[in-house]
Amino acid sequence: FLFILSFFQLLAFAQKPILDSLQQVVKITKYDTTRIDALLKIGLQYINTNSDSSIYFSTLAKHVAEQIKDELRIGEAIKQIGQNYLMLRNYLSALSDFYESLTISEKYTRNKEITIRNKANRLKSSSLGKIGVVYLNQSDYPKALSYYFKALKVDEELGNKFGVAKHLDNIGMVYHYQGDYPKAFFYEFKALKIAEELGLKNNIALWLSNIGSLYADQADLFRKCGDTAQANRCYPKALDFYFRALKMAEESGDRNVIAIRLGNIGSIYDSQTDYRKALEYYFKALSIAKKLKKTTTIAINLENIGELYLKKSEIKLAENYLQRSLLLADSIGYFELTKEIYQNLSELYSKTGKYQLALTYYKKYIQAKDSIYNEENTKKTVRAEMNFDFEKKLAVATAEQGKKNAIEAKEKQKQKVIIYAVSTSLFLVLLLALFIFRGYKQKQKSNFIITQQKELVEQKNKEITDSIKYAKHIQTALLTSNDYIKNNLPAEHFILYKPKDIVSGDFYWAHSVPFLPGWDLGTNKVRLPIDGKRTNTFYMVTADCTGHGVPGAFMSMLNISYLNENIVERGIRLPHDILNAQRKEIIQVLNQEGRVEESKDGMDCNICVYDFDKMLLHFSAANIPLWLVRDAELTEYKADKMPVGKYNEKLEPFTLKTIALQKGDSIYTSTDGFADQFGLNGKKLMKKVFKEELLKIHQRPMAEQKRSLDQFFKNWKGSAEQVDDICLIGIKI
């Protein structure tokens, strides 16, 4: 038989008898649970092949369940619709549906009837797990873990071992993505043990492979760190688990999985420089993938083979396989693989002296790398907007549910009044009157107590507010005064400072430093005197500390103190040296050890040092860029992508940048509060709009620019709440 059916054709063929029997059930049954369950099963059959059909049948099941007021089946239908949106990567709709099914399930988890209670808990566990998947796909690992652990707890209480194993595997996967290998191994082995106890062959094979990947990635990490001995201990373990997974795939006859496992094994031999065996497994995987027409698997193995030949300096073979892989990767939009191929081709042409081609592919590699980086940034933005939109929708849904509950409660109360009115006697009426009188007395007493409590709360609130207002006086005193800046900065300027609350996490700081003749800031070295004059150099700092309100204010005061210490007392002059010193102080005082929760403690900061005699601007920046407008053209100078504090990546020193200034230049620095402000349309202002506004007004006097920007911000914000502190500084040379 010469024609090989694709996976989905085989699936459709296998589905047909099942779908026929289910559709027959739908035809002969009315609006009852059997019909709903059949419709849900039809929707489930289509979920991997035809999302439109799956959503249609799931929605139909929801409609039927609503007719008979079966809320748990309504929840199942909504969850199944959400699963389709998840597969379509419509995360906002998926999350909304999963939360709705979760809300429905929680109404019945304490039901007296054990069957209903167990069904509700199964729906709850599944909904929690799906929410975890949404957050995992958005790389929001803390939230993903939170919901996986909640789902795990529910299934443990139910005694659902398969559900427990699934959640353990998901938790292990999150820790794997985070690079926490000990925890990842712990949870993956627990999942595997349960799967082996239950005899779940498909899950055993999958989780064996997951553990193999863990050992492989850990070995690669050890090798990058120079720990060859540890890497050599991990690679054989990875091979062992991959071979066990391969054996199970061969027993089940799943050729696609067989091809993937063969490729996994080849990659381990490749890492161990056993190129003969690596090629043997790569070619086996490639052969199967070609027969199955699995384009992605074909492209990956072609790239693996090409890269291996490049390592062996077999240039013609390497070029052949890499170009074939590139053609396929481009056709399916596999950008990560395309990036790797560009890098390998650049190296290949460099080795052969074809430097123009090498440069061409290197540029393509950089473009692909930037594209992926931008995609990650977009993903983070979408995640933030998704959370914001969802919280608004959840608030509306909660309010509507509250109204429904109030109406239902009112109706029930009405029925009780009617029943009591018909069934009670005069004696009960008199007794009721007695209770009313007693209640009146108790209410009088309660009102007196409430009044006292209210007065006490108001007094405490006043004391707290007064304390915060006094803290504002302290913080204001620590900020550099406008008179000082005006008297020492020989340039027109403005400072737009708008705290979100009484006190602020944003701050500005300035200092004029006299340099003796013979000292050059740009090189930080001694130079010959110039006319025996002293040179005044002006430091201007724009900073955004973690948080706003009282926590942000504490951090700002701490950082102002260290700026005074490092610049004024210790005499550190170069801006990048100052940021390095600030970071060291913050890490020490907060006792940071690099944990996720600690990475949020610190500040974003831009330090500008103006040398007006030499018309130079030296600056160093942590997450706060600098914008220069010259001849009606705006240039953005990027900041180092790291805060002044501990964070997850390896600590790198901050960089120093220098700009030659010209008369008429306008320089702007700003914290993110201005661009992050939401308007009445529910959208952020964004940096693009902010920079366009700067271009419109840059030729006006600085005082007028400040008024214009302040009004622009107020018009955009409207009646919406200010979301963050704002500190914007403009200087015209």
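Visitor: What makes Y470, I474 and L478 a nonpolar patch on the surface?
Guide: A patch takes residues with over 30% relative accessible area and no salt bridge; like charges are joined within 9 Å, and nonpolar side chains (Val, Leu, Ile, Met, Phe, Trp, Tyr) within 5 Å. Y470, I474 and L478 form such a nonpolar patch, with about 290 Å² of accessible area together. Accessible areas come from the Shrake-Rupley method with a 1.4 Å probe, and for residues only the protein chains shown count as cover.

Visitor: What kind of model is this, and how are residues numbered?
Guide: It is a predicted model, where local features need pLDDT of at least 70, side-chain atom pairs count only at pLDDT 80 or more, and totals for chains, interfaces and linings use all residues. Numbering starts from 1 along each chain as its sequence is written, and side-chain values use heavy atoms, with hydrogens and water left out.

Visitor: Why does Y470 get its accessibility label?
Guide: Buried means under 20% relative accessible area, exposed means over 50%, and partly exposed lies in between (1.4 Å probe, protein chains only). Y470 has 56%, so it counts as exposed. Its place is in helix α18 (residues 426–478). Helices (H or I, at least four residues) and strands (E, at least two) are DSSP runs, numbered from the N terminus.

Visitor: How do you know that R223 and D220 meet in a salt bridge?
Guide: A salt bridge needs a side-chain nitrogen of Lys or Arg within 4 Å of a carboxyl oxygen of Asp or Glu. For R223 and D220, the N to O distance is 3.7 Å, so the pair qualifies. Both lie in helix α10 (residues 201–224), 3 residues apart, about one turn of the helix. R223 has 41% relative accessibility, so it is partly exposed. D220, at 24%, is also partly exposed.

Visitor: How many salt bridges does the structure hold?
Guide: It holds 22. One of them joins the side chains of K500 and E721, at 3.1 Å from N to O. This pair links distant parts of the chain: K500 is in the loop between β1 (492–498) and β2 (506–515), and E721 is in the loop between α23 (702–717) and β13 (726–732), 221 residues apart.

Visitor: What is the N to O distance in the salt bridge of R630 and D665?
Guide: It is 2.7 Å. R630 sits in strand β8 (residues 626–630), while D665 is in the loop between β11 (657–660) and β12 (666–670).

Visitor: Is D665 buried or exposed?
Guide: Buried, because its relative accessibility is 1%. R630 has 23%, so it is partly exposed.

Visitor: Why is strand β6 described as largely enclosed?
Guide: 9 of its 10 residues (602–611) are buried, so the rest of the structure largely encloses it.

Visitor: Which strands does β6 pair with?
Guide: Strands pair if DSSP finds at least two bridges between them. β6 has 7 bridges to β7 (residues 616–622), running antiparallel. It also has 2 to β10 (residues 644–645), again antiparallel. N606 stands opposite A621 in β7, and M603 opposite V644 in β10.

Visitor: What makes I733 count as buried?
Guide: Its relative accessibility is 16%, so it falls under the 20% limit. I733 lies in the segment after β13. Contact means heavy atoms within 4.5 Å. Among the residues I733 touches are Y610, F612, M615 and D665.

Technical notes. Lists of a residue's contacts leave out its neighbours within four places in sequence.
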